[in-house]
Amino acid sequence: VPDLKAVVVNLFHRELGLIMAPKNPFSIKGLEDLSKKGIRLVNRQKGSGTRVLLDHHLKQLKIPPSKIEGYEKEVYTHFEVGLSILSKEADVGIATIAVAKLLGLPFIPIAKESFDMILEQKTFFHKAIQIFIEVLNSKEFRQRVEPIGAYDFKDSGKILYSTN
């Protein structure tokens, strides 16, 4: 957005990967296994970052989506991916390691991502935004999310980019 004085602020880092049915009955080892016969994928919706990540890797592996059973089955959240696997509607999907841990599902890492917010500079200094960043950095918040695990707040609130 060329006319916007923007600031990019880190919120947290997290890890994304393949999650699959308990005990990994198909012995899935990586994305290349998604095209194996009988393995059903649950996908994220078009336009989601997770879907972009999957499509990027499939292109690199030269696997056409048409070769993946369930590629067209879309859900809107990482948690829905996990629930689709637990309910046996699918065998594998991409979600955060936090979802895998919460639901007790095996996890194979694919990527670490930085979860950032982009704001207009003047918005960054609004009291509500500053309070939000304070909460992310507070001991109380960290103690509440620590048991979930897999979220890294080391750069939380750090300005990663700012236009003049």
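1. F115 has a relative accessible area of 33%, so this residue is partly exposed. Buried means under 20% relative accessible area, exposed over 50%, and partly exposed in between (1.4 Å probe, protein chains only). The model is predicted: local features need pLDDT of at least 70, side-chain atom pairs count only at pLDDT 80 or more, and totals for chains, interfaces and linings use all residues. Residues are numbered from 1 along each chain as its sequence is written, and side-chain values use heavy atoms, with hydrogens and water left out.

2. F141 and F153 pair edge-to-face, because their ring centres are 5.4 Å apart and their planes stand at 85°. Rings of Phe, Tyr and Trp (its six-membered ring) pair if their centres lie within 6.5 Å; planes under 30 degrees apart are stacked, over 60 edge-to-face, the rest tilted. F141 sits in helix α6 (residues 139-145), F153 in the loop between β6 (151-152) and β7 (159-162), so the contact ties together parts 12 residues apart in sequence. Helices (H or I, at least four residues) and strands (E, at least two) are DSSP runs, numbered from the N terminus.

3. Burial in this pair: F153 is buried at 8%, whereas F141 is partly exposed at 24%.

4. F12 and F115 are stacked, because their centres are 4.7 Å apart and their planes at 5°. F12 lies in strand β1 (residues 6-20) and F115 in strand β5 (residues 107-120), so this pair links parts 103 residues apart in sequence. F12 is buried, at 13% relative accessibility.

5. One aromatic cluster is formed by F12, F115, F141, Y151 and F153.
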